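Thanks for making time this morning.

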Amino acid sequence: MAEIVLHELVKTYPGGTSRATDAVSLHVPDGEFMVLLGPSGCGKTTLLRMVAGLELPDSGQIVIGGRDVTYLEPRRRNLSMVFQSYAVFPNKNVADNIGFGLRVHGVPADQVRRKVEWAADLLQLRPYLDRYPAKLSGGQRQRVAVARAIVMDADVLLMDEPLSNLDALLRLSFRAELKKLVGELGTTTLYVTHDQVEALSLGDRVAVMREGRIAQVGAPTAVYDEPADEFVGGFLGSPPMNFLTGTVGGDGDEPRIDFGGQSLPLPGYLRSYRGKTLKLGIRPEAIAVESGDGDGLRCELRVFEPLGSSTLLTTELCGQVLKVSAPPSFRADPGARLRLRPLPGQCRWYDPETQLLLEER
Ligand SMILES: Nc1ncnc2c1ncn2[C@@H]1O[C@H](COP(=O)(O)OP(=O)(O)OP(=O)(O)O)[C@@H](O)[C@H]1O
Ligand SMILES: [Mg+2]
């Protein structure tokens, strides 16, 4: 096992107009499962391929287990890879596919067999060891690719969207299997996905990427609960975080934010924003909703969508749209007047210019 340290990795492809990765630095401690998450084209695969040695950076450094591997050949980096397109050998059966890398490394046949059986048990492939890939399902083929990667006892496991070719149900069950497996192996893992649910469910930590840079690194709950900027808040969550623009007023030590006739108290550390605008960031499920008169921000219901486990409300508050996730038992008709109250401790505040989270210092 080994830690991974990436230092200011810059990569520009020939003819590329912008940097595929733009001075990316990241520290993955020994044994951590780190997920790289971000929209298509943000540089996830490029970063992974540089760690693997399949691409060379223009500048920067890659250190694995204390060894500078930046310009080392892939096979000398002691890592295993699983890619999106499950690269299994069609002319080898499952057992030979799983054991291929070991045999290439000259591992004795009886040891190969033991390791293949160990991996096959972990990934529930025992019944298929004699089968050829053409007669396997997509999920089974993908498990073969994972099995082949884990038998190598590599320091580092690299996975690029390994579940994306699976259907939704298979993805769900394989995701849980993979989490258990990697937890047991304790191998340092870099895992690429653009699926936020996968990222939050699998990662010890998640690095959210945007346009070749890392926007935020943190535990899944941290990046979800306290997005460092509007991009992260808007990328994570379904529906994503709401952002409402308001003007800061109020008097003395009690600043308030006004959304156009309706206001909320602001924490005191934001009093210096008086006279300026701020954005409230709040998750749809962090808002309590009620019908009828009383306290709270008054809004009008525009769309009512029952989703089974919850009900999604699209509301309008002083001309701004706010999505609210209500309990499945909640009933109201479009046009109804509702009252909203942010749950305690759930408001986040963003500077409209920098789009950065404003934290108390
Ligand atoms: N071989 C290449 N030649 C030129 N440009 C490339 C090459 N590979 C990637 N790029 C560009 O580099 C940027 C980052 O691509 P990359 O494949 O790393 O993104 P990604 O985050 O993995 O996206 P996806 O989620 O779609 O797989 C993109 O703008 C892409 O167009
Ligand atoms: Mg990719």
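Let me begin with one residue and its surroundings, and say at once that what we are looking at is a predicted model. If you find asparagine 242, you will see that, leaving aside residues up to four places away in sequence, it touches Leu280, Gly281, Ile282, Arg283 and Pro284, and also Ile287, Val321, Leu322 and Lys323. Asparagine 242 itself belongs to strand 11, which runs over residues 242–251. Is this asparagine buried or exposed? Its relative accessible area is 6%, and because the cut-off for buried is under 20%, asparagine 242 counts as buried.

Let me now step back to the whole chain. It has 361 residues, of which 47% are buried, and it contains 8 helices and 20 strands. The C-alpha trace spans about 75 × 45 × 35 Å along its principal axes. If we take the contacts with a separation of 6 or more, 65% of them are between residues 24 or more positions apart.

Next, a pair of helices. Helix 2, residues 94–104, packs against helix 3, residues 109–122, at an angle of about 130°, and their axes are 9 Å apart. With that angle, helix 2 is described as oblique to helix 3, and the crossing of the two is right-handed. On the helix 2 side, the contact is made by Ala95, Ile98, Gly99, Leu102 and Arg103, while helix 3 contributes Val112, Lys115, Val116 and Ala119. Sorted by class, that contact between helix 2 and helix 3 comprises 6 nonpolar, 1 polar and 2 charged residues.

Finally, please move to valine 223, which sits in helix 7, residues 220–225. How accessible is valine 223? Its relative accessibility is 0%, so valine 223 counts as buried. Again leaving out residues up to four places away in sequence, valine 223 touches Leu200, Val206, Val208, Gln216, Val217, Gly218, Val232 and Leu236.

Technical notes
Residues numbered from 1 in each chain as written. Chains lettered and ligands numbered in written order. Predicted model: local features only at pLDDT ≥ 70, side-chain atom pairs only at ≥ 80, totals over all residues. Heavy atoms only, no water. Helix = DSSP H or I, 4+ residues; strand = E, 2+ residues; numbered from the N terminus. Buried < 20%, exposed > 50% of the residue type's maximum accessible area, 1.4 Å probe, protein only. Contact = heavy atoms within 4.5 Å. Axes fitted to C-alpha atoms, helices over the stretch in contact; angles between N-to-C directions. Parallel < 35°, antiparallel > 145°, perpendicular 65-115°, else oblique. Left-handed = near helix turned anticlockwise from the far one by under 90°. Nonpolar A, V, L, I, M, F, W, Y, C, P; charged D, E, K, R; others polar.
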